[in-house]
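Hi,

Here is the structure I said I would pass on.

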Amino acid sequence: MKKIAAVLLMSLGALLAGCGKNDSAQPAAAATPAPAAATKIVVGLDDNFPPMGFRDEKNELVGFDIDMAREAAKRMGVAVEFKPIDWSAKEAELSGQRVDALWNGLTITPERKQNIAFTAPYMENHQIVVVAAQSPIKAKADLAGKVVGAQEGSSAVDAVKKEDAVFKSFKEFKTFGDNVTALMDLSTGRLEAVVVDEVVGRYYVAKKPGAYAVLNEHFGTEDYGVGVRKDDTALQGRLDKALADMKQDGTAGKIATQWFGKNILK
């Protein structure tokens with residue numbers, strides 16, 4: 001019986017050893033292929049933000065950032081689709097992968113950098129105060145007791161609130177879906193001042209000579225960048241290179257001059 005048991009144990013050991021060899025000889029699973037490079041990027045924007053991105057009389061999207069994005073996409077070898085979004089929900093649109101980039105005068109702030117990855121800044125901007133031409137308001141201190149407006153979800157709101165004493169001095173602070181509506185309320189007297197991106201505010205001031213005035217004081221300096229998802233480092237890098245090349249060869253400066261009369265890029 002002991003002999004039989006020993007033979008059985010030896011046979012079982014040989015069988016298990018054979019199985020082990022077969023397992024180790026099996027080919028390793030194939031590596032997961034790297035995802036193919038994107039062939040199209042979807043740019044989210046506020047389509048009522050001239051001169052950065054807006055609709056012309058033919059209802060076609062035009063603007064400085066539109067031209068910049070098209071040129072960058074061409075250099076990257078990808079198609080570009082522009083998708084108007086609710087600008088106050090821009091971070092949700094980006095994280096939800098409904099858009100790939102936010103490119104529409106997007107201000108780089110520490111708060112936004114927690115959820116968004118930015119390209120290097122391509123433009124410097126200020127948050128200016130626009131008032132009616134004959135307004136007695138000449139400085140930020142004169143905004144005390146006044147009704148002031150800004151676009152909802154814009155960096156103008158953040159800039160104003162950072163100056164706590166000035167903000168608390170307002171009679172009321174109203175927000176609007178877009179800057180056009182805010183400036184219309186300024187024209188009709190429902191607002192006494194509008195805080196707005198300089199590139200936008202000066203565009204409208206120039207269109208209506210004698211209707212508005214811009215205060216010498218403003219609510220700070222800021223940088224514009226293109227925003228992408230934090231894990232999309234590939235797109236961030238490609239955009240950075242495209243923008244740097246556009247500045248280097250003068251293309252970006254030419255686009256800026258077409259829209260602003262001079263090269264105002266950072």
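Which residues in H2 meet which residues in H10? Before the answer, one caveat: this is a predicted model.

On the H2 side, the residues are Phe64, Asp67, Met68, Glu71 and Arg75. Their partners in H10 are Thr251, Ala252, Ile255, Ala256, Gln258, Trp259 and Phe260. Sorted by class, the contact of H2 with H10 has 7 nonpolar, 2 polar and 3 charged residues.

As for how the pair is arranged, H2 covers residues 64-76 and H10 covers residues 251-260, and they pack at an angle of about 160° with their axes 9 Å apart. Angles over 145 degrees count as roughly antiparallel, so H2 runs roughly antiparallel to H10. The crossing of these two helices is right-handed.

H2 also packs against H9 (residues 233-248), here at an angle of about 110° and again with the axes 9 Å apart. That angle makes H2 roughly perpendicular to H9. From H2, the residues involved are Met68, Glu71, Ala72, Arg75 and Met76. From H9, they are Leu235, Arg238, Leu239, Ala242, Leu243, Asp245 and Met246. By class, this contact has 8 nonpolar and 4 charged residues, with no polar ones.

About 80 Å³ of space lies in the largest cavity. Its lining is made up of 13 residues, and those nearest the centre are Phe49, Trp87, Gly105, Ser154 and Asp197. By class, the lining has 3 nonpolar, 7 polar and 3 charged residues.

Finally, some backbone details in the loops. Where is the cis peptide bond from one proline to another? You will find it running from proline 50 to proline 51, with omega near 5°. Proline 51 sits in the loop that links strand S2 (48-49) to strand S3 (53-55).

Then there are two residues with positive phi that are not glycines. Asparagine 59 has a phi of about 65°, and its place is in the loop between S3 and strand S4 (61-62). For glutamine 97, phi is near 60°, and this residue lies in the loop between helix H3 (90-95) and strand S6 (101-102).

That is what I have for now.

Cheers

Key:
Residues numbered from 1 in each chain as written. Predicted model: local features only at pLDDT ≥ 70, side-chain atom pairs only at ≥ 80, totals over all residues. Heavy atoms only, no water. Axes fitted to C-alpha atoms, helices over the stretch in contact; angles between N-to-C directions. Helix = DSSP H or I, 4+ residues; strand = E, 2+ residues; numbered from the N terminus. Parallel < 35°, antiparallel > 145°, perpendicular 65-115°, else oblique. Left-handed = near helix turned anticlockwise from the far one by under 90°. Contact = heavy atoms within 4.5 Å. Nonpolar A, V, L, I, M, F, W, Y, C, P; charged D, E, K, R; others polar. 1 Å grid on protein atoms, 1.4 Å probe; cavity = no way out; pocket = protein on both sides within 12 Å on 5 of 7 lines; lining within 4 Å. Points joined across faces, edges and corners; volume = space filled by probe spheres on them.
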